Amino acid sequence: MTSTRGRLSRRRRPNRDRHGRGLRGSLYPSTLPAASTRAERFDALVLAALEPIEARWRTELTKLDVAVDDVPDVRGEDEEAIAAEGTLTDAGVPLARLVPAGMDQRGLPTKARIVLFRRPLEARARDGADLAELVHHVLVDQVANYLGVDPTVIDGES
C-alpha cells in the first residue's frame, strides 16, 4: 500500500495471472463444436429435430414458433392447470408447453408457440443420443397437439 496525500490507496496490478503471463485465451477455437455452451448445443439439437418436421408440414406450421427456455415457471400452478394449458409433463415436471395464439399486452396478435424446457429434458437423458431422441419425441408430440392429429402422423410412421 502506498500513501498519497494522507490517504491510503491500493497499488493496482495489471490484469495478469499470478505468473505474469497475461490473460489466457479460450481452450477451443470458437469454430469447433466443443467451444459451444450446453444451451447452444441444445438449441442446435432442437433445430435438427425440427428440420424434418418442418420440411414435411411447412404450410401447416407457418403460424407456429418454437422456443427454448431453461426451466418452466410453475409458481403457484397445480397439475390440472398445467395439463389444461397443453403442457407435456413427466412425473409432474413440465418438459414442453404449447402456448396458443392470442394477443400480447399491446393488443397485437401473437403466433402459437411451442416452448421446450432445456434443463428438465437434459436431466431425463442419459447421453447426447438419448437427448436428441427425447427432443424429437417431445417436438413431435407438441406439433401433433398443435395440429390436432396423432403423433404417428407427424413422425411419418403411418
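This is a predicted model: local features need pLDDT of at least 70, side-chain atom pairs count only at pLDDT 80 or more; totals for chains, interfaces and linings use all residues.
Contact here means heavy atoms within 4.5 Å.

Start with helix α1, residues 38–56. Its buried residues pack against β3 (64–69), β8 (112–117), α3 (118–124), α4 (128–147) and α5 (151–155). Which residues of α1 are buried? They are Phe42, Val46, Ala49, Leu50 and Ile53. The spacing of such positions has a simple background. An α-helix has 3.6 residues a turn, so residues three or four places apart point the same way.

A kink of about 30° lies at Leu50, shortly before the proline Pro52. Leu50 is also one of the buried residues of α1.

Now turn to the sheet. It is open and has four strands, in the order β3-β8-β5-β4, with mixed pairing. β3 and β4 (87–90) stand at the edges. Each has a single partner strand, so one side of each is left without a neighbour in the sheet. Neighbouring strands are turned by 15° against each other on average, direction ignored. In general, strands of a sheet pair through backbone hydrogen bonds, either parallel or antiparallel.

Follow β5, residues 93–99, through its pairings. Four bridges join β5 to β8, and these two strands run antiparallel. Leu98 has Ile114 of β8 as its bridge partner. Ala96 is partnered in β8 by Leu116. β5 also pairs with β4, again in the antiparallel sense and over four bridges. There, Thr89 stands opposite Pro94 of β5. β4 and β5 form a hairpin with two residues between them. One of the turn residues, Ala91, has a positive phi of about 55°. How enclosed is β5? Five of its seven residues are buried, so the strand is largely enclosed by the rest of the structure.

α1 touches β3 and β8, and its direction makes about 155° with that of β3. α4 lies across β3, β4, β5 and β8. The direction of α4 runs at about 155° to β8.

Where do these elements meet? The largest nonpolar core has 26 residues. Within it, Ile53, Leu116, Leu121, Val135 and Leu139 touch the most other members. α1, β5, β8 and α4 each supply at least two residues of this core. The largest share, eight residues, comes from α4.

Leaving aside residues up to four places away in sequence, Leu116 touches Val46, Ala67, Val68, Asp69, Leu95, Ala96, Leu121, Val135, Val138 and Leu139. Among them are Val46, a buried residue of α1, and Ala96, the bridge partner of Leu116.

Finish in α4, with Val143. Is Val143 buried or exposed? Its relative accessibility is 0%, so Val143 counts as buried. Not counting residues up to four places away in sequence, Val143 touches Ile53, Leu61, Leu64, Ile114 and Ile154. Ile53 is also among the buried residues of α1, and Ile114 is the partner of Leu98. Val143 and Arg113 are 30 residues apart along the chain. Their C-alpha atoms are separated by 9.9 Å.

How values were computed
Residues are numbered from 1 along each chain as its sequence is written. Side-chain values use heavy atoms; hydrogens and water are left out. The expected span of a helix is 1.5 Å times one less than its number of residues. The bend at a residue is the angle between axes fitted to the seven residues ending there and the seven starting there. Buried means under 20% relative accessible area, exposed over 50%, partly exposed in between (1.4 Å probe, protein chains only). Two strands pair if DSSP finds at least two bridges between them. Axes are lines fitted to C-alpha atoms, for helices over the stretch in contact, and angles run from 0 to 180 degrees between N-to-C directions. A nonpolar core is a set of buried Ala, Val, Leu, Ile, Met, Phe, Trp, Tyr and Cys residues joined through side-chain atoms within 4.5 Å.
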